[in-house]
Amino acid sequence: MEEKLSSVAKTFTPSPIQELSHLAQRCNAINLAEGFPDFSAPPCIKQAAVSAINNDFNQYRHVQGICDQLALKMNKMHGLNIDPLTDIAICCGQTEAFAAAVFSIIDKGDEVLLFDPCYETYQGCIAMAGGIPVYVPLDPPHWTLDPEKLMSSFTSRTKAVVLNSPHNPTGKVFSREELEVIAECCRRWDCVAITDEVYEYITFDEQKHETIASLPGMQERTIITSSLSKTFSITGWRIGWAIAPASAASAIRNIHVKITDSAPAPFQEAALTALSSPTKYFETLRIEYQSKRDFCMKLLNSVGFRIQFKPQGSFFLFAELPKDCLLSDVEYVKELIKQAGVVVVPGHGFFHGKSGSDQPSDESFRHQKRYIRVAFCKSEATLCAAAQKFGELMNAKGSPKLHC
Amino acid sequence: MLRTLCFKSSTSAPTFLNFPRASFDSPFFFSSIRRFNNHPSTMSTQKHTVSTHDGTPQITQQPLQVAKRLEKFKTTIFTQMSMLAIKHGAINLGQGFPNFDGPDFVKEAAIQAIKDGKNQYARGYGVPDFNNALAARFKKDTGLVIDPDKEVTVTSGCTEAIAATMLGLINPGDEVILFAPFYDSYEATLSMAGAKIKCITLRPPDFAVPIDELKSAISKNTRAILINTPHNPTGKMFTREELNTIASLCIENDVLVFMDEVYDKLAFEMDHISMASLPGMYERTVTMNSLGKTFSLTGWKIGWAIAPPHLTWGVRQAHSFLTFATSTPMQWAATVALRAPDSYFEELKRDYMAKKAILVQGLKDVGFKVFPSSGTYFVVVDHTPFGLENDIAFCEYLIKEVGVVAIPTSVFYLNPEDGKNLVRFTFCKDEETLRSAVERMKEKLKKK
């Protein structure tokens, strides 16, 4: 029967993260790996969902009000004019919006540029649609975009660029200059930008999230995807969307209908309440996540890390292992689970090896095994517990005991 | 390194008129008034000026060209009909979802789950308790013992189970056999997977499987066969004999079977039989189902696929890229729902049978030729006694002049000619609605 598997299914291998998850579970480790909160969703939004169920909003549904509110938001935040009747497709999470967006524009052999390191799921969608992922590495330690690397990655087959900002796993927020560079390439090569903006409301210090769609000549060639999940701590509700010019939005909607038909109805209703949250909600969100970020940085510094890149957004910290640590990322994570009872994600799974036509030396890829991703979307209690565990790692002289 | 799928543009694609279209049973028809611009799906012919950094105008093509596979997605006849229906205040017996709500005990379970904080990502292939409940239910229904963690995948509705099965298990160029008329997501997702579709038409009055045609269609080149039983739109239920014949052909030719069984609890005239329970079939079958029809909660999007581990693997891969995880609180509620006592299912059947009786008798009295429907909440009828030239014309007439909505079935066929005499009515509506619709038809629909 093995031969019955599709060629795509055969290329997927079991995840090393799975192995680590099992180890973490066995050791009852504190989870700073998973990218979802362990604190509650806002009560009024939960109540809205409860009311929706009670008021019989339980059949297939498209809640146009979500589109109306999103159009208002996009106008207020980014100055974009979006037609709520034609430019928005509601989907089961940003995951489905992205999958549908890829299916809507990618034909066999189309190349899609991705910035490396990058969230795992994008390439799977692209492959399913027959596209070819091409990775453009961001340069450590600050994950800067090298315009040369970007421009040399475009070919006549390049159809789209995927832009995730604020960025998982690094916490980078692409600067306006970087957005301009990407935009210029898209315009010149007549390409589409597909964005993943799920962390759009989680930015720190003075950093503001800008969508590439707001740059000149970009709205007509950008598909924005995002969701409620991270903004409202309801990752399990599966309410997301794609915003695009009408023809693409229509195609995305049609594909979505064939993939799932409808996003969960009561949660669409609750989305109306969520999206009309007062400005104060979003301010508080930022402030709270920022203090968690700061706490996390202190935590890691206390066990020998020297964080060179402070996250500007998202709820992830991508930290390079201490210079004197000889372990690989996977080995370090295992040790951390065993010795400190804390689990994080080894970074190499986010990197995708060679890019462009240059033959890279081993040296330039060493860094791919030197990072860990820490999620700080956790309650105070969890973070403090982690701090305590880390504290126990320190020996009498104040140096980390973690066998490295 | 990930090998890329070789997507061949399907030269065996269905004709223009029959290319995938939005499902009539989807929310976009009757729950909102939408202004559908008849945008062509490619915008390549429009040009406009863009200023570059140094101010030189540059003529560019409008870039957002939609993938070739979707070239034929256009505003559908259903959308036009739905707007017509709202405009004329028609009674809706077209939509495939209830106008009454699900049981309180299930809704309360969802509410409790939300309050208990079960609002974050569920395990990708399903909340463990729910997978366990599904395995238990499957054992009760089929007698088969399965591993809930290795053989059950939870999806956003059966629609996603179908999409994940096609995309996870079908290679471009693979031959897949479909029975027409068919639920339209089958054709769409098969074309997304690049499959070669071979279609076998079921014909009135009993929509029996034409065995000889099937025997000549199936071969060692066939990758899979897709079966929906109880069947939308005809209400046909595949008999044990038909399933046995199909099973032996599948075993002989090493063919996979994809079973869509969402209406299995709405089996009225005979017992529902799961292909997976036939000898030698479990190892090559993906059995798909959902909560929506059984519990009148179609908007919750809780579905599942049950298959042996080597097939589940492919389904899960595709699922993880399509939606990643399924709505968490609803899974908890679904766990409660599946443990409903037998009396719930018996009452469900009784209620639907009463509704069916009202509609079927009414349709016969009005003058339709009504074909026997053994299961689902649909019935198809021959509309030709009323003198309209085809099913679409009849449905338009029915909305405008009579004030009732039905579905033209031609859109469920590869060749629309095969369906032009048939329309589909649903009886998943409260009794008053059904009676009113029948009254309107008695009053205003006259035989020619």
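Predicted model: local features only at pLDDT ≥ 70, side-chain atom pairs only at ≥ 80, totals over all residues.

**Sheets, helices and one arginine**

Mentor: In chain A, three strands form an open sheet in the order β9-β12-β11, with antiparallel pairing. Its edge strands are β9 and β11 of chain A, each pairing on one side only. Helices (H or I, at least four residues) and strands (E, at least two) are DSSP runs, numbered from the N terminus, and two strands pair if DSSP finds at least two bridges between them.

Trainee: OK. How many bridges pair β9 with β12 in chain A?

Mentor: Five bridges, in the antiparallel sense, between β9(A), residues 316–320, and β12(A). A:E320 stands opposite A:Y371 in β12(A).

Trainee: And how many join β11 to β12 there?

Mentor: Two bridges join β11(A), residues 345–346, to β12(A), and these strands run antiparallel. Here A:P346 stands opposite A:I372.

Trainee: Is β12 of chain A mostly covered or mostly open?

Mentor: Mostly covered: five of the five residues in β12(A), 371–375, are buried. Buried means under 20% relative accessible area, exposed over 50%, and partly exposed in between (1.4 Å probe, protein chains only). A:Y371, A:R373 and A:A375 point one way, while A:I372 and A:V374 point the other way.

Trainee: Which helix lies across that sheet?

Mentor: Helix α11(A), residues 279–302, lies across β9 and β12 of chain A and runs at about 20 degrees to β9(A). Axes are lines fitted to C-alpha atoms, for helices over the stretch in contact, and angles run from 0 to 180 degrees between N-to-C directions. Contact means heavy atoms within 4.5 Å.

Trainee: Switching to chain B. What is the strand order in its open sheet of four strands?

Mentor: The order is β11-β12-β15-β14, again with antiparallel pairing. β11 (369–370) and β14 (407–408) of chain B stand at the edges with a single partner strand each, so one side of each has no neighbour in the sheet. β12(B), residues 378–382, and β15(B), residues 422–426, pair over five bridges, with B:D382 opposite B:L422.

Trainee: Which helices pack on it?

Mentor: Helix α11(B), residues 342–366, touches β11, β12 and β15 of chain B, and its direction makes about 10 degrees with that of β12(B). Helix α12(B), residues 391–402, touches β14 and β15 of chain B, at about 45 degrees to the direction of β15(B).

Trainee: How much of chain B is buried overall?

Mentor: Buried residues make up 63% of its 448 residues. The secondary structure of chain B comes to 13 helices and 15 strands.

Trainee: Now between the chains. At what angle do α3(A) and α2(B) pack?

Mentor: About 180 degrees, with the axes of α3(A), residues 43–54, and α2(B), residues 104–115, 10 Å apart. They are therefore roughly antiparallel; angles under 35 degrees count as roughly parallel, over 145 as roughly antiparallel, 65 to 115 as roughly perpendicular and the rest as oblique. The residues in contact include A:V50 and A:I53 from α3(A) and B:I111 and B:I114 from α2(B).

Trainee: And α9(A) with α5(B), what angle is that?

Mentor: About 95 degrees, with axes 7 Å apart, for α9(A), residues 246–259, and α5(B), residues 157–169. That makes the two helices roughly perpendicular. A:V257, A:K258 and A:I259 meet B:T159, B:E160 and B:A163.

Trainee: Last one. Where is A:R221 found?

Mentor: In the loop between β6 (192–196) and β7 (222–227) of chain A.

Trainee: What does its side chain reach?

Mentor: A polar contact of 3.2 Å joins the side chains of A:R221 and A:D190. The side chain of A:R221 also reaches the backbone oxygen of A:C191 at 3.1 Å. A polar contact is a pair of N or O atoms within 3.5 Å; within protein, one must be able to donate a hydrogen and the other to accept it, and residues adjacent in sequence count only if both atoms are side-chain atoms.

Methods. Residues numbered from 1 in each chain as written. Chains lettered and ligands numbered in written order. Heavy atoms only, no water.
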